[in-house]
Amino acid sequence: MKRKFGIAMIVGALLGVGVTAQGVAAPAKKESHTANKATNKTASKSTSKTSPKMAAKSGSKTSSKKIVAAHSGKSHKVAHAPAHKGSKHMTVAAVHKPMRKVSYNEVDPDRLALYSASALVIDQVSGQPLLDKNSHEVVPIASISKLMTAMVVLDAKLDLNEVINIGEEDVDGLKGTRSRLPVGTTMTRETAMLLALMSSENRAAHTLGRHYPGGLPAFVAAMNRKAQSLGMNSSRFEEPTGLSSNNVSTARDLARMVAAAARYPEIRTFSTTAEAKLELNGRISQFGNTNALVRSDTWEIGLSKTGYISEAGRCLVMQARVADKPVVIVLLDSVGKMTRVGDANRIKRWMESASLTTDRKPV
């Protein structure tokens, strides 16, 4: 009996030890799980700092700084900078819009508020019209005629140093215009051409035609032949000054004439001379250019001529360089004394802000 009781005590003790061991082992396992969870959480937090997503975010800040700097430096390479999603800086850069340029062929001449009834701007390199307003309308051209007068004189290779005179025949009997060249004034043919082109002196232009071989009829015939040779099929000349309203042309034809006249060095020089002091009849007289734009520092003009009679209105033609482009500008029948100059300046500002592309057909 005692033996059985002893065995039972031993078994009980062993069972107690097992239970106690399990009770101790369970908390240890829980503590280990908790420690592992904490370790994994720390590692995950540490790893997230260098995750690809965060690296991209960090990289986007660097890239956006480059984009902002590119904009501030007016660089056009912004599109090549790496763009990353979620970048606040990139959002700012994306809404930055450059100033829109207007293409030449998108502009209606009426939107420029031109006061000239006919207007034409020709790109001399491509031959394309950049602006066109009633360019085929046949109208009187007034003193623009004097460009043809000068070309005919130079084509004849007449002696520019020959002395010619102002006669009664050179006095304006059509409009009764005044002149600072009294009858009897003598000057070289070169001086007469300078005054005709620079100051639009009608008597100077008329005497050039009168002193042509064969006289005035031969001169007028030569003017019309020259017009035909230039393809000015809608043009007609009746006399060398432009005082007659029968001297007619179109803006298209005059663009051809201006381009041809610009090939003569004398015409370029005389027509763009701002002012000149000349000795006439023993006295020094000062003459100025009828186009105020030749005195402007903002214009680069290679050839210029103005014109006016009541039938023609205010006219202006120029060969100039505008927005780094050689162009011919023709403005006819402008109302108001200064509106032709205003139209020229409006065209210049438009060209400087417009793009350099056009798909219009050549003249």
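Strands here are DSSP runs of E, at least two residues long, and helices are runs of H or I, at least four, both numbered from the N terminus.

This is a predicted model, where local features need pLDDT of at least 70 and side-chain atom pairs count only at pLDDT 80 or more, while totals for chains, interfaces and linings use all residues. Residues are numbered from 1 along each chain as its sequence is written, and side-chain values use heavy atoms, with hydrogens and water left out.

Now helix 6, residues 202-210. How many of its nine residues are buried? Eight are, where buried means under 20% relative accessible area with a 1.4 Å probe, protein chains only. Among them are Arg203 and His206. These buried residues pack against helix 4 (145-155), strand 4 (163-165), helix 5 (189-198) and helix 7 (215-229), with contact meaning heavy atoms within 4.5 Å.

Take helix 4 as the partner. Its axis and that of helix 6 come within 10 Å and cross at roughly 35°; axes are lines fitted to C-alpha atoms over the stretch in contact, and angles run from 0 to 180 degrees between N-to-C directions. Lys146, Thr149 and Val153 of helix 4 meet Asn202, Ala205 and Leu208 of helix 6.

How values were computed. Buried < 20%, exposed > 50% of the residue type's maximum accessible area, 1.4 Å probe, protein only.
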